[in-house]
Amino acid sequence: VQLQAFGGGLVQAGGSLRLSCAASGSIFRINAMGWYRQAPGKERELVARITRGVGTNYADSAKDRFTISTDNAMKTVYLQMNSLKPEDTAVYYCYADVTRQALLRRAYHWGQGTLVTVSS
């Protein structure tokens, strides 16, 4: 299973970016997808996730500014980020909770990370 993330970059405070992450490989079902981020010197933290049949969760820092969504097949996850702040600067990692076709084993898989830099 591979996750490929796109969409990071440099943006001014108040601007917007849209991240996307596509899953591919031997996938039986994706149970959840989401985004974490890690700022320099800080621990990785959950930004948002979407769980099949359940719904969405957001970090307090992301509520009302970020929106997570997926395509109909739940193979691609998006993170629309609006009203960006300098403190949103971080490497953003997508993940997927995947049940694989082989033996229906379940595991987390991670994308390669994409850098978001918000200038003041």
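Leaving aside its neighbours within four places in sequence, Asp-97 is in contact with Arg-29, Ile-30, Asn-31, Ala-32, Arg-106, Ala-107 and Tyr-108, where contact means heavy atoms within 4.5 Å.

Before I go on, a quick word on the source. This is a predicted model, in which local features need pLDDT of at least 70 and side-chain atom pairs count only at pLDDT 80 or more, while totals for chains, interfaces and linings use all residues. Residues are numbered from 1 along each chain as its sequence is written, and side-chain values use heavy atoms, with hydrogens and water left out.

Back to Asp-97, which sits in strand β9. Strands here are DSSP runs of E with at least two residues, and helices are runs of H or I with at least four, numbered from the N terminus. Is Asp-97 buried or exposed? Asp-97 is buried, because its relative accessible area is 5%. For us, buried means under 20% relative accessible area, exposed means over 50%, and partly exposed lies in between, using a 1.4 Å probe and protein chains only. The Asp-97 side chain also makes a polar contact with the side chain of Arg-106, at 2.7 Å. A polar contact is a pair of N or O atoms within 3.5 Å; within protein, one must be able to donate a hydrogen and the other to accept it, and residues adjacent in sequence count only if both atoms are side-chain atoms.

Next, the disulfide, meaning a pair of cysteine sulfur atoms within 2.5 Å. The structure has one. Which residues form it? They are Cys-21 and Cys-94, with their sulfur atoms 2.0 Å apart. This pair links distant parts of the chain, as Cys-21 is in strand β3 (residues 17-24) and Cys-94 is in strand β9 (residues 90-100), 73 residues apart. The torsion about the S-S bond is about 50°, so the disulfide is right-handed. Cys-21 is buried, with a relative accessible area of 1%, and Cys-94 counts as buried at 1% too.

Not counting residues up to four places away in sequence, His-109 touches several residues, including Cys-94, Tyr-95 and Val-1. His-109 counts as buried because its relative accessibility is 15%.

Finally, the whole chain. How many helices and strands does the chain have? There are zero helices and 11 strands. Buried residues make up 42% of the 120 residues. Of the contacts with a separation of 6 or more, 55% come from residues 24 or more positions apart.
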